[in-house]
Amino acid sequence: MSIKNCKRCGKLFKFQQHNVCQSCLIKDQEDFDKIWEYMRTHPRVSVLELSRNTGVKPEVINRFLREGRLAVQSNDGEPATSIGDY
Ligand SMILES: [Zn+2]
């Protein structure tokens, strides 16, 4: 069992499977649900647009991208997001 810094609030926690602590896991899920909901009707949006329309911070969206929960697709050279097979 290792100790890590939570990627969301910076607190130390016992790392299990997630990069965030227990309380942030819930917030992460809420944010992810908002993103998912928005992307069902807007399949290709930029991170900024997604952030503006869902209220989820861009750094959270970028972390989801890094973790592979969201996938980036290039559409006419414009970076866009899509839900990955998570
Ligand atoms: Zn946390």
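A crossing of two helices is right-handed if the near helix is turned clockwise from the far one by less than a right angle. In this predicted model, the crossing of H2 and H3 is right-handed.

The contact of H2 with H3 comprises 5 nonpolar residues, 2 polar residues and no charged ones. Helix H2 spans residues 47-54, and helix H3 spans residues 58-66. Their axes lie 9 Å apart, at an angle of about 125°. Helix H2 is therefore oblique to H3. On the H2 side, the contact is made by Val47, Leu48, Leu50 and Ser51. Pro58, Ile61 and Asn62 meet them from H3.

Asparagine 62 has 15 C-beta neighbours inside 10 Å. Valine 47 and asparagine 62 are 15 residues apart along the chain. Their C-alpha atoms are separated by 7.5 Å.

Helix H2 also packs against helix H1, which covers residues 22-41. The two axes come within 10 Å and cross at roughly 110°. H1 is thus roughly perpendicular to H2. From H1, the contact draws on Lys34, Ile35 and Tyr38. Leu50, Asn53 and Thr54 are their partners in H2. By class, this contact of H1 with H2 holds 3 nonpolar, 2 polar and 1 charged residues.

In soluble globular proteins, nonpolar side chains tend to be buried together. The largest nonpolar core here has 9 residues. They are Ile35, Val45, Val47, Leu50, Val56, Val60, Ile61, Phe64 and Leu70. H2 and H3 are the elements that give two or more residues to this core. H3 gives the most, with 3 residues.

For the protein as a whole, the secondary structure comes to 3 helices and 4 strands. Along the sequence, the pattern reads β-β-α-α-α-β-β. The protein has 86 residues, of which 20% count as buried. Contacts between residues at least 6 apart in sequence were also considered. Of these, 28% join residues at least 24 apart.

Note on methods:
Residues are numbered from 1 along each chain as its sequence is written. This is a predicted model: local features need pLDDT of at least 70, side-chain atom pairs count only at pLDDT 80 or more; totals for chains, interfaces and linings use all residues. Axes are lines fitted to C-alpha atoms, for helices over the stretch in contact, and angles run from 0 to 180 degrees between N-to-C directions. Angles under 35 degrees count as roughly parallel, over 145 as roughly antiparallel, 65 to 115 as roughly perpendicular and the rest as oblique. Two residues are in contact if their C-beta atoms, placed from the backbone, lie within 7 Å. Ala, Val, Leu, Ile, Met, Phe, Trp, Tyr, Cys and Pro count as nonpolar, Asp, Glu, Lys and Arg as charged, and the others, Gly among them, as polar. A nonpolar core is a set of buried Ala, Val, Leu, Ile, Met, Phe, Trp, Tyr and Cys residues joined through C-beta atoms within 7 Å. A residue is buried if 20 or more other C-beta atoms lie within 10 Å of its own, exposed if 12 or fewer, and partly exposed in between; C-beta atoms are placed from the backbone.
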